[in-house]
Amino acid sequence: MDNKVSAGSAANAFERARFTGTASEYFGIWIVNVLLTIVTFGIYSAWAKVRRNRYFYGNTVLLGRTFEYHATGKQIFIGRLIVFAFLVVVNILSAIHPLFSLVTTILILIALPWLIMRGIRFNARVTSYRNVRFDFRGTAGGAFVSVFLGSLVAFLSLGLLAPFASRWLNRYVFNNLRYGNRPFHVDPKVGTLYGALVIPALMVVLGAVVLFGLVAIAAGGLQAYDAMGVRSDLRDVMMVFGVYTIFFGVFIVYGLAGLIYRAAVHNIVWSSMRVDGRHLLRSDLSRARYAWIAISNVVVTLLTLGLMRPWAAVRLARYMAERTAIRIEGEVGEVFTDFQVTGAAVASEYMSMEGFDFGF
Amino acid sequence: MVSDGETIAKGEWYPPHSSGAVPARLLSRGGRLFAVNEEKLALSDGTVRQVSFTPRVGSIPRRAVFADGSVFESMDNDAIDAFLRSGGRSGWVHRLEEFHPRIFVFAIAVVLLAIGIYRYALPVLVKVAVFVTPPVVSEMMSYGALNTLDTTVLSSSSVAEVRQAEITDRFRQVAANAEGGAGRYTLNFRDGGMIGPNAFALPDGNIVITDQLLELARDDNEMIAAVLAHELGHVEYKHSLRQLYRAAGVAGLVMLIAGDIGSGVEDILTQGGGLLALSYSRGAEAEADRRSVELMRKAGMDPVAIARFFDVLEARLGDHSRTSMLSTHPGTPERKEAILEYNKTLQPD
């Protein structure tokens with residue numbers, strides 16, 4: 001189980017994580033998950049989620065030991081059932097009277113920070129490493145400030161204040177995370193995070209210039225056509241085409257910039273992470289390689305009607321694991337799980353459904 | 001000392017809720033399981049029934065959890081499987097997942113099932129959803145949509161009131177035979193602005209026609225009536241609601257089946273679902289075309305007046321295109337043919 005990366009095996013060397021899953025092995029798990037989900041009308045999807053997560057956690061190797069995912073299919077299923085029932089009731093109520101939809105929307109907004117907090121906590125508590133569970137001690141108030149206000153600030157500033165949002169969010173998540181009774185600590189500096197924003201911002205500006213240029217050329221062309229007395233319906237066609245080009249252009253530019261930013265922030269946050277005040281973590285994702293993997297994964301998955309999805313998922317998991325390393329300082333000692341009950345999966349299932357935003 | 005048991009697997013043993021692992025072996029003897037250390041001292045023991053094994057997933061480490069919460073963990077999945085099989089316990093899900101020719105059969109089955117659901121189950125679900133949706137929902141949707149359009153692209157009509165009155169009169173005659181009678185439908189005149197020559201129906205019975213379309217029709221008000229009859233058909237068949245549910249249904253299927261498709265793909269598939277849902281509107285357009293023929297016939301106007309509209313479209317937009325995957329409207333020549341055909345079947349001969 002020796003997987004040191006640095007020259008020599010000196011103590012205090014950074015040691016990389018590994019991912020031992022393979023695409024062919026995961027393909028079997030994935031296709032059976034999909035098949036059983038279909039033939040059980042979706043009920044099996046809860047158990048499918050557990051098998052999927054156990055596969056990915058159980059193949060992520062850090063210092064020779066793997067992670068384990070402990071949620072049960074029944075837990076997930078009950079969580080999903082409650083969320084589903086809730087969504088059905090909300091939709092019926094809002095159909096009866098518009099005022100109800102206003103009330104339920106406000107109620108959900110008020111409950112959202114609590115749901116975020118419980119969702120993170122559930123996911124932390126069903127994760128273990130070396131037989132010791134993780135825990136999350138964040139509060140709903142913290143979630144309100146870091147997640148809610150953070151994303152609002154980032155959105156309203158068109159991304160210019162995104163580094164603040166990144167800092168708040170990651171501090172909330174990781175500074176409240178515990179491995180057994182050992183705390184995590186991150187301190188991504190705003191200045192460094194702005195460094196991560198430089199390339200994405202340049203990409204957006206450049207993309208905007210190029211798109212604007214295309215529009216200007218197209219408009220100039222249209223005027224020339226008009227002057228020549230060409231039928232104006234050609235103009236309509238070109239306008240529709242132009243609108244689509246701009247739409248997809250903006251989508252692609254923002255998507256690409258987002259990937260680059262995400263990779264850079266991941267590096268900054270993880271490289272500022274300490275466990276128990278002394279064990280250092282490090283992440284050295286290559287931004288270009290990360291973006292390439294993410295984009296080519298999407299393309300390959302779409303081109304194969306989803307059948308290459310297992311390969312894509314394993315590929316990304318392997319890259320992320322191999323680019324993460326830890327340096328143990330002194331003796332870790334014995335660590336103990338530090339809480340009693342895991343809690344219900346409702347909040348985590350609600351959040352994972354909301355990630356996919358549509359009403360039934 | 002536990003010396004004479006049968007070794008099941010080698011691995012590590014963890015005390016309850018602790019990371020303090022020691023090398024260990026799992027032994028079975030006389031219906032009991034023991035985790036023993038290298039000195040062959042028992043660390044945990046319990047009857048076979050008291051020990052729970054985690055189900056096998058791929059080749060990730062396997063855990064045997066004793067009643068006191070202590071854990072024996074091993075990489076030797078095959079050995080543990082062999083032991084469990086001899087005791088009658090086995091993981092059938094894992095055996096399905098193993099790399100075996102039948103996996104390809106599963107893949108084909110999944111593809112066929114997905115196509116089957118899309119083709120046959122989804123339309124039924126959409127029908128049920130449309131059926132149970134109370135009218136107030138479409139009223140709210142329409143109210144919001146018209147408001148948004150009015151504040152963004154549409155502005156008030158500049159068509160002469162005389163002409164508006166003439167068209168409204170024809171509209172009433174056509175709508176009189178539509179479901180719910182003329183009182184259920186309202187005709188709105190607007191300047192189309194960016195959207196140009198257009199007519200569209202909102203699910204609550206509000207129908208909008210743009211000045212640009214009237215201009216395109218010159219003074220052929222009968223043809224306008226045919227276009228409006230087509231829009232009435234959309235309202236009667238609840239096409240917009242259907243399309244909405246269809247898009248939601250496709251998105252739901254993608255989420256349910258693919259599960260972990262990853263955020264990027266998820267977004268694209270939802271968009272793609274919407275795009276696919278649009279292909280439905282080809283059937284919807286044909287349905288509305290036929291309704292136009294029926295309503296015009298009942299109102300005593302030229303049943304195939306809408307065909308003239310297609311001629312105008314063709315002449316102006318040069319639309320000779322055949323139906324393609326991405327178009328929301330079938331090619332006009334095709335539509336015209338279909339209408340003339342349909343009118344013949346209605347002809348009392």
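This report describes selected features of chains A and B in a predicted model.

## The sheet in chain B

Chain B contains an open sheet of 7 strands with antiparallel pairing. Read across the sheet, the strand order is E4-E3-E2-E1-E7-E6-E5. Strand E4 (42-47) and strand E5 (52-53) of chain B stand at the edges. Each has a single partner strand, so one side of each is left without a neighbour in the sheet.

One pairing can be followed in detail. Strand E6 (residues 62-65) and strand E7 (residues 71-74) of chain B run antiparallel and are joined by 4 bridges. In one of the pairs, B:Arg62 has B:Ser74 in E7(B) as its bridge partner.

A helix also belongs to this picture. Helix H1 (residues 77-86) of chain B lies across strand E1 (6-14), strand E2 (22-29), E5, E6 and E7 of chain B. Relative to E1(B), this helix runs at about 125 degrees.

## A helix pair in chain A

In chain A, helix H1 (residues 23-39) and helix H2 (residues 45-58) have axes that come within 9 Å and cross at roughly 170 degrees. Angles over 145 degrees count as roughly antiparallel, so H1(A) is roughly antiparallel to H2(A).

On the H1(A) side, the contact is made by A:Tyr26, A:Ile29, A:Asn33, A:Leu36 and A:Thr37. On the H2(A) side, A:Ser45, A:Ala48, A:Arg51, A:Arg52 and A:Tyr55 take part. By class, the contact has 5 nonpolar, 3 polar and 2 charged residues.

A:Pro188 lies in the loop between strand E8 (182-185) and helix H7 (190-228) of chain A. Is A:Pro188 buried or exposed? A residue counts as buried if 20 or more other C-beta atoms lie within 10 Å of its own. A:Pro188 has 24 within that distance, so A:Pro188 is buried.

Leaving out residues up to four places away in sequence, A:Pro188 touches A:Ser166, A:Arg167, A:Asn170, A:Leu193, A:Ile268, A:Val269 and A:Ser272. The C-alpha atoms of A:Pro188 and A:Ala291 are separated by 22 Å, and these residues are 103 residues apart along the chain.

## Nonpolar cores

The largest nonpolar core has 56 residues. Those with the most contacts inside this core are A:Leu177, A:Ala196, A:Tyr261, A:Ala264, A:Val265 and A:Met273. Helix H8 (residues 233-271) of chain A supplies the largest share, 10 residues.

Beyond its neighbours within four places in sequence, A:Val265 is in contact with A:Ser166, A:Leu193 and A:Ala196. Another core, of 32 residues, lies apart from the largest one. B:Ala175, B:Val208, B:Leu214 and B:Phe310 are among its residues.

Note on methods
Residues numbered from 1 in each chain as written. Chains lettered and ligands numbered in written order. Predicted model: local features only at pLDDT ≥ 70, side-chain atom pairs only at ≥ 80, totals over all residues. Pairing = 2+ DSSP bridges. Helix = DSSP H or I, 4+ residues; strand = E, 2+ residues; numbered from the N terminus. Contact = placed C-beta atoms within 7 Å. Axes fitted to C-alpha atoms, helices over the stretch in contact; angles between N-to-C directions. Parallel < 35°, antiparallel > 145°, perpendicular 65-115°, else oblique. Nonpolar A, V, L, I, M, F, W, Y, C, P; charged D, E, K, R; others polar. Buried ≥ 20, exposed ≤ 12 C-beta atoms within 10 Å, placed from the backbone. Core = buried A, V, L, I, M, F, W, Y, C linked by C-beta atoms within 7 Å.
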